[in-house]
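Subject: Handing over the two-chain model

Hi there,

Here is the structure I promised to pass on. Have a look at it first, and then read my notes below.

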Amino acid sequence: MSMRHFIKFGKPYLHTRSLLRGKYGLQTCTHVAKSTGVQPTSDGNNFIGIPHNCVTKLEFLEPKMENTIPVYQVLDSDGKIIDETQDPKLSDEILLKMYKDMKMLNIMDGIMYSAQRQGRISFYMTNYGEEATHIGSAAALEMRDLVFAQYREAGVLMWRGFRLDQFMDQCYANINDPASGKQMPVHYGSKDLNFVTISSPLATQMPQAAGAAYALKRTNPGTCVICYFGEGAASEGDAHAAFNFAATLDAPCIFFCRNNGYAISTPAHEQYRGDGIASRGSGYGMLTIRVDGNDTLAVYNATRKARQIALEESRPVLIEAMTYRVGDHSTSDDSSTYRTTGELEYWTKTNNPVTRFERYITNQRNCWSAEEDEKLSKDCSKQVIEAFTAAEKRLKPSPSLVFTDVYDELPVNLKEQQKQMREHVSAHSQHYPLKRHEPL
Amino acid sequence: MSLLRQSRNILSNLRAKSLAKRLMHFKFEPDNPPTNLGPTENMNYLKALTNAMDISLENDPTAIIFGEDVAFGGVFRCTVGLREKYGNDRVFNTPLCEQGIVGFGIGAAVAGSTAIAEIQFADYILPAFDQIVNEAAKYRYRSGGLFECGKLTIRTPCGAVGHGALYHSQTPEAYFAHSTGLKVVIPRSPIQAKGLLLACIRDDNPCIFLEPKILYRAAEEEVPVGDYTLPLSQAEVLREGSDVTLIGYGTQIHVLKEVAELAAKDGISCEVIDLVTILPWDADTVCTSVSKTGRCVITHESPVTGGFAGEVAATIQKECFLNLEAPVERVCGYDTPFPHVLEPFFMPDKWRCLQAVKNVVNY
């Protein structure tokens, strides 16, 4: 069935693949064609791939931006459930863990951002504004599901149990960091928590997620993969490769796009001309949904369902979570140079995911109060400060570790170079910051 | 197909084969099979590779083979029969996207599966450069070993084939030699290819396995049918000599063997070394040899500037300085893209190599 019919009827792209499969029992091609008054010239051509009907009217498909893919929402801005049937009816315990993790994330971000400004750590990236995308999605997954992330998903780690000291040790690049201080801050990873170590190049994790999902389908059925990326990263060739591979190879992978409005200073309308990232999904034959990324319960519901479908039907699912990057891109960025305070204020104060969720648990579910909120903030601050004070005191790794983990074992050339480095540094120790490090 | 048509095809194939053989710039001479690896079978290079992959998939249930056109057997017939034997979830086509093939392969390896990726021509490995250099090579280092993609092996046909021109003749070893964390291997023969491919597949580091495509059918040997590996990062002295060390890899080894024979007629005794592994490479064997002979010629098809011969030369001059009787000579492709009809004038052929040998001996 041709795409043109969909746009004319404004049918959501969600139904494209199922229509082709005839799964949801929607109207057949000929029936629809008759309703539009356009008659196909034949019963369809056998072009390898997709069956087609032929038409004699010369008409180009126009992407109609008035009929964009709708945004799935559960909570309104006051934290009230809009449609009761969509309430996931989570337990108080889960709701409170969700909220506390969001607050802890905010407070950790605030303190670590200041730490960078004071020169205590070299670099940091905050997660403000995107808390619901992290917590909502993480809570919908199982611990065994493998996470490939970009760099602004610390809340996912927090949900899974990454401790404050672990966050700090990586940022401070000290001896407790499993990667021995080899990467810049916020490049976290955890084998125990099934969170693949972050790397700086954007979108490279995406085809890897597709491959991991394929492998796990064969060796660990019942395990899915989630891949986080931003709307900027979605422009990379690796994103296209990932979508196409996951779809053609039936990989159970959730592609979760955090469309937060900016790729450093580049606004989304300079990143793409079409209807966001979600509109690309059906082009690849992928099930797609767009959600309100600031609505924790919408994110939760969509991710939960996506996981179920991905595993039951062995196929990738694309979720585009519309949100906003409240903080700067990183400590190397000053976003006041490219956006207005008015815009920032709206997303900080009026459409804030943490506030919306707080209203839900306080007013709707009655399991939280302002007093508890104040106490929580104080507790979190105390814990974060304790953790970073301890992290700051720890030594940095031994210089000899420059050479480890390049390969599984040190090859001859690296053994030789390690020896040369040790000899040189020993002979000129006054020029090297040896006191901060474990011994050579 | 009719009998007449069949015999016409056979004849034209034979003619094409003999024409190709006459135009080849080298002569392949089979090695004697190792005596300790059991019964052997006549296999050409590509069949040896198929055999290696067959053994891998048989013994490792996680092993998968993927890339463009591998399902029907591959454009060079290296994966013939494997899909039928192991199923379409283990031997499958991917979309036409090298960065996707490698990225997918990395992910599969990270998730614990043995991933054997094929890049159809080494000339097309470049879109995957970011995934190979920024991701695969650095995966273990950047995570402190929490995550790694050692189970990834990327195989790709490379090298001059007589008519490949710019985009079907390249050997990209130099780019990857500079990417520490990878292993880069280039076998010269069927026996080597099978043992080294099995070694790479089982090695716990991501490997780039370069297969000189001209050898796929031209090289035939008695290859052990059993499961065996050959060591990585160990250069091999193929011929002992006292006057000059000739260093190369892949197809060029066969050129060097012939150069050694020609030089012997002029009373020059050549030692021939196959590097086998480009990264990490066996400097020890090379430097021991050059310290003995005092002269060396390094040769590869890839262009000379920035080529791997420079790395070898720099190491040799440092380690063997006082033993050198002549400057280190490099005989390589010229600093041009790989030309089509002008290939014979571009290649580091046996006459250029022989001249280099005479230059260092008469220095």
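Between chain B and chain A there is one salt bridge. Its two side chains belong to B:Asp89 and A:Arg218, with 2.9 Å from N to O. Please keep in mind that this is a predicted model. Polar contacts between chain B and chain A come to 17 residue pairs, with both residues at pLDDT 80 or more.

Which elements of chain B supply the side that touches chain A? Strand S3 (91–93), helix H4 (98–110), helix H5 (129–135) and helix H6 (139–143) of chain B each give at least two residues to it. H4(B) has the largest share, with eight residues. Sorted by class, that side of chain B holds 18 nonpolar, 17 polar and eight charged residues.

As for the extent of the contact, 43 residues of chain B and 39 residues of chain A take part. Interface size is often quoted as the accessible area lost when the parts come together. Here the area buried between chain B and chain A is about 3400 Å², and carbon and sulfur atoms give 61% of that.

Now for the sheets of chain B. One is an open sheet of seven strands with mixed pairing, and its order is S3-S2-S4-S5-S7-S6-S12. S3 and strand S12 (277–279) of chain B are its edge strands, each pairing on one side only. From one strand to the next, the twist averages 20°.

B:Gly67 has B:Glu118 in S4(B) as its bridge partner. Helix H8 (residues 190–202) of chain B lies across S4, strand S5 (152–158), strand S6 (183–185) and strand S7 (207–212) of chain B, at about 165° to S7(B).

Another open sheet of chain B has five strands, again with mixed pairing, in the order S9-S11-S10-S13-S14. Strand S9 (236–239) and strand S14 (329–333) of chain B are at its edges with a single partner strand each, so one side of each has no neighbour in the sheet. The twist averages 25° from one strand to the next.

In this sheet, strand S10 (residues 244–248) and strand S11 (residues 270–274) of chain B run parallel and are joined by five bridges. What lies across S9, S10, S11 and strand S13 (296–303) of chain B? Helix H10 (residues 252–265) of chain B does, at about 175° to S11(B), and H11(B) does too, at about 155° to S10(B).

Finally, two backbone details. Most residues other than glycine have a negative phi, and most peptide bonds are trans. The bond between B:Leu279 and B:Pro280 is a cis peptide bond, with omega about -15°. B:Pro280 sits in the loop between S12 and helix H11 (283–293) of chain B. In chain A, A:Ala203 has a positive phi, near 70°, although this residue is not glycine. A:Ala203 belongs to the loop between helix H7 (164–171) and helix H8 (205–219) of chain A.

Happy to talk any of this through.

Best wishes

Terms used
Residues numbered from 1 in each chain as written. Chains lettered and ligands numbered in written order. Heavy atoms only, no water. Contact = heavy atoms within 4.5 Å. Buried area = accessible area lost by both parts, 1.4 Å probe. Salt bridge = Lys/Arg side-chain N within 4 Å of Asp/Glu carboxyl O. Polar contact = N/O pair within 3.5 Å; in protein donor to acceptor, adjacent residues only side chain to side chain. Helix = DSSP H or I, 4+ residues; strand = E, 2+ residues; numbered from the N terminus. Nonpolar A, V, L, I, M, F, W, Y, C, P; charged D, E, K, R; others polar. Pairing = 2+ DSSP bridges. Axes fitted to C-alpha atoms, helices over the stretch in contact; angles between N-to-C directions.
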